[in-house]
Amino acid sequence: MPGLDGFQLAWIAASVFFAFVVRGMSGFGAGMIAVPLLAFVIPLQLAVPLCSLLVFVLFVILVIRDRREIVWEELRLLLPPTIAGALAGLWLFAVLDNRVLVLLLGVFLILYSAYMLAVSALGLPQLRCSQRWALPVGFTGAFFDTLFGGGGGTLVVIYINARGVSRAGFRATVAALWFAEMVARIGGYAWSGYYDRGTLLLFVLLLPLMWIATVVGERLGNRVSSDSFSRILALMLLASGVSLLLK
């Protein structure tokens, strides 16, 4: 591909493969893993839109498969603030330069990994919350997802879980919500000119790798406990955040 040497292409392929192995194991986190790794060799203005396209393909499949399990009441409450948060994130994404975005991503990863380690060490009580939290959760989650390619969805995961939604309904509802968020994000990235011919070609080349990694991750997921996986993931995100700040 024009502008990318062999090392950069190998790094991109390895980063995407690893990120989607993680997603196959855990059900989320592809963007949070891939974007920091990709930021070492390509600008965030390329890494975030590219990862968004790859994740979007998975959400299309999930929404089609689980559409009958969607909890429409929760989805209707979360959808408007989610779209608003994505639009706000798109505006800031276009305004800030790459160096500022890298620094913000580094800080965000450190804070996010610290939260994950605290949850793993201290445990998290079974929370319950009212539907009034849908607005700030939807907006903030989509804002951070759009700006950094992932991470904000954790807020939505916590909210849906705290609403007492069943496992099947939880999976289907968050997939439908993130599908709508991805439509807004990808539309905004395209409108802003981030999808040129080279980016789309790279996306097509990475699609088979993404699928293989997802299958591998799903098979590995049964062999690692959720607690151990969360701690390993948190430490990796912490290392990525520190590395980006020192980059």
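Which residues is T82 in contact with, leaving aside its neighbours within four places in sequence? I opened the notebook with that. The model is predicted.

**T82**

I found T82 in helix α4, which covers residues 72–95. Leaving aside neighbours within four places in sequence, I listed G138, F139, A142, L177 and E181 as its contacts. T82 has 1% relative accessibility. The cut-off for buried is under 20%, so T82 counts as buried. I then checked the side chain of T82. One of its polar atoms lies 2.7 Å from the backbone oxygen of L78.

**A121**

Is A121 buried or exposed? I read a relative accessible area of 65% for A121. Exposed means over 50%, so A121 is exposed. I placed A121 in helix α5, residues 98–122.

**The largest nonpolar core**

How many residues are in the largest nonpolar core? I noted 73. Which of them touch the most other members? I wrote down I12, F20, I42, L44, V156 and L237.

**I42**

I followed up I42, one of the core residues that touch the most other members. Leaving aside neighbours within four places in sequence, I42 is in contact with L4, I12 and A47. I12 is also on the list of residues that touch the most other core members.

Key
Residues are numbered from 1 along each chain as its sequence is written. This is a predicted model: local features need pLDDT of at least 70, side-chain atom pairs count only at pLDDT 80 or more; totals for chains, interfaces and linings use all residues. Side-chain values use heavy atoms; hydrogens and water are left out. Helices (H or I, at least four residues) and strands (E, at least two) are DSSP runs, numbered from the N terminus. Buried means under 20% relative accessible area, exposed over 50%, partly exposed in between (1.4 Å probe, protein chains only). A polar contact is a pair of N or O atoms within 3.5 Å; within protein, one must be able to donate a hydrogen and the other to accept it, and residues adjacent in sequence count only if both atoms are side-chain atoms. Contact means heavy atoms within 4.5 Å. A nonpolar core is a set of buried Ala, Val, Leu, Ile, Met, Phe, Trp, Tyr and Cys residues joined through side-chain atoms within 4.5 Å.
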